[in-house]
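Please open the model in a viewer and keep the selection tool at hand.

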Amino acid sequence: AFTRALGFALTIDLDRLSSRLNKGCRFEVKQRSKLRGIRPLFDYLKREKMDHRSTENLFAVVSPGLEAVCAGEMTALGLPPQEIIAGGVVFSGKLRDIYLANLWLRTASRILVRFAEFKSRDFPDLYHRAHRLPWGRFIKPETSIAFRVTCHTSRLNHTVRIAETLESAANQALGRSTNPVGKDPQMVMVRVVDDKVTISIDSSGELLHRRGYRQSVTAAPLRETLAAGILMLLGWQETSSLTDPMCGSGSFLLEGALLAQNHAPGLNRSFAFMNWPGFREGLWALLSDEAKRAAKEVPLAISGSDESTRAVTAAKENCQRNGFAEQIAIEQCALAEQAVHEGQGLVICNPPYGKRLDLGENPERYYSELGQQLQRAYPDRQIAMVCPSQALIKATGLPLKQIASLDNGGLKVGLFATEPGQ
């Protein structure tokens with residue numbers, strides 16, 4: 001069909017044809033019998049790529065408990081949030097804003113483009129509606145697609161069949177018979193709730209907590225998005241010291257350094273939108289250059305320690321990879337062996353919970369000793385920690401108050417902190 005269409009299209013003004021089609025005008029041709037054959041070309045002309053001037057409905061996926069923090073980040077970037085809901089923030093923007101959100105947001109996990117929303121209760125209708133969507137705005141003919149489907153209280157409740165139906169419709173719309181095999185498929189998120197189908201295009205690719213600098217990890221690492229969000233929730237400023245005496249692979253230390261020196265967290269990685277038909281390489285280069293110029297060289301009062309040799313090695317390697325080897329002090333030392341640290345600042349830690357790291361037979365005793373050692377080593381500093389249990393927090397003996405309820409790798413945890421200077 002495409003070959004027939006191309007031969008016939010050579011005799012007509014394609015620009016004028018595309019313009020009339022987009023305006024909804026009918027186009028008269030004498031060879032009506034060939035109109036059916038050139039339809040795929042008409043669709044391609046209308047759906048060729050995303051227009052950088054068009055405004056899209058967008059959604060930032062955020063870990064529970066950090067939605068308001070992410071909304072604050074958006075406001076600072078000039079991307080005003082329209083609605084804060086559980087699990088994310090609704091906003092709108094153009095192509096530049098999609099790039100900007102992926103480049104700068106520290107607490108978002110993904111940036112989705114709301115591609116389509118419609119009611120559907122049976123598979124033929126789902127196929128018909130999906131086939132008419134402009135898939136070519138975001139997906140090249142050679143790009144594979146991966147559908148992630150969830151269903152709740154709907155007639156369409158078979159996730160695998162929904163994915164297969166949408167894949168078939170998208171392939172047909174893109175002028176291909178099968179879904180190509182590729183290592184970097186375009187992720188399409190699908191939610192079916194109360195018979196309403198919402199289709200979203202993922203613009204991020206890998207989750208945004210994967211900044212590109214942390215390649216050395218330890219057991220039970222804290223995600224970078226959560227570490228950054230916690231520092232923001234605590235109101236930590238670069239003029240104050242930051243210490244993690246149980247630093248692991250260094251999430252708090254590195255996110256603190258990025259935050260203090262205003263480094264864009266997405267500067268050293270790739271994104272799904274770079275494979276879209278309408279990717280504007282020049283615009284991305286401009287935004288990246290602006291981000292590099294926005295970074296500020298300020299002295300860092302950030303330090304960490306851990307009793308594990310492996311953890312200290314991983315943290316140092318990650319700091320080296322991100323250019324902070326000379327600015328972040330890391331040492332191998334158990335908390336009980338540390339000297340007393342004078343002065344104010346923030347001490348933050350993510351101690352073991354007994355879920356993935358063993359606490360022995362008496363976790364309350366472990367937390368009691370932890371609280372005593374923190375109070376001894378940092379008598380004048382604000383102390384904060386992440387923990388899933390009020391009982392364990394109480395066992396520390398510290399005047400810790402819950403600041404927020406968060407999610408750490410699927411486990412509900414709380415952020416607890418003492419008052420500054422207490």
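Select helix 6 (residues 123-131) and helix 7 (residues 159-173); helices are DSSP runs of H or I with at least four residues, strands are runs of E with at least two, and both are numbered from the N terminus. Their crossing is right-handed, meaning that the near helix is turned clockwise from the far one by less than a right angle. The two axes come within 8 Å and cross at roughly 35°; axes are lines fitted to C-alpha atoms over the stretch in contact, with angles from 0 to 180 degrees between N-to-C directions.

The model is predicted: local features need pLDDT of at least 70 and side-chain atom pairs pLDDT 80 or more, whereas totals for chains, interfaces and linings use all residues. Residues are numbered from 1 along each chain as its sequence is written, and side-chain values use heavy atoms, without hydrogens or water.

Next, display the side chains between these helices. Phe 123, Leu 126, Tyr 127, Ala 130 and His 131 of helix 6 meet residues of helix 7 including Ile 162, Leu 166 and Ala 169, where contact means heavy atoms within 4.5 Å.

Move to Asp 244, in strand 8 (residues 242-244). Asp 244 counts as buried because its relative accessibility is 2%; buried means under 20% relative accessible area, exposed over 50%, and partly exposed in between (1.4 Å probe, protein chains only). Beyond neighbours within four places in sequence, Asp 244 touches several residues, among them Phe 252, Ser 303 and Cys 349.

Finally, select Leu 77 in helix 4 (residues 67-77). Leu 77 is partly exposed because its relative accessibility is 25%.
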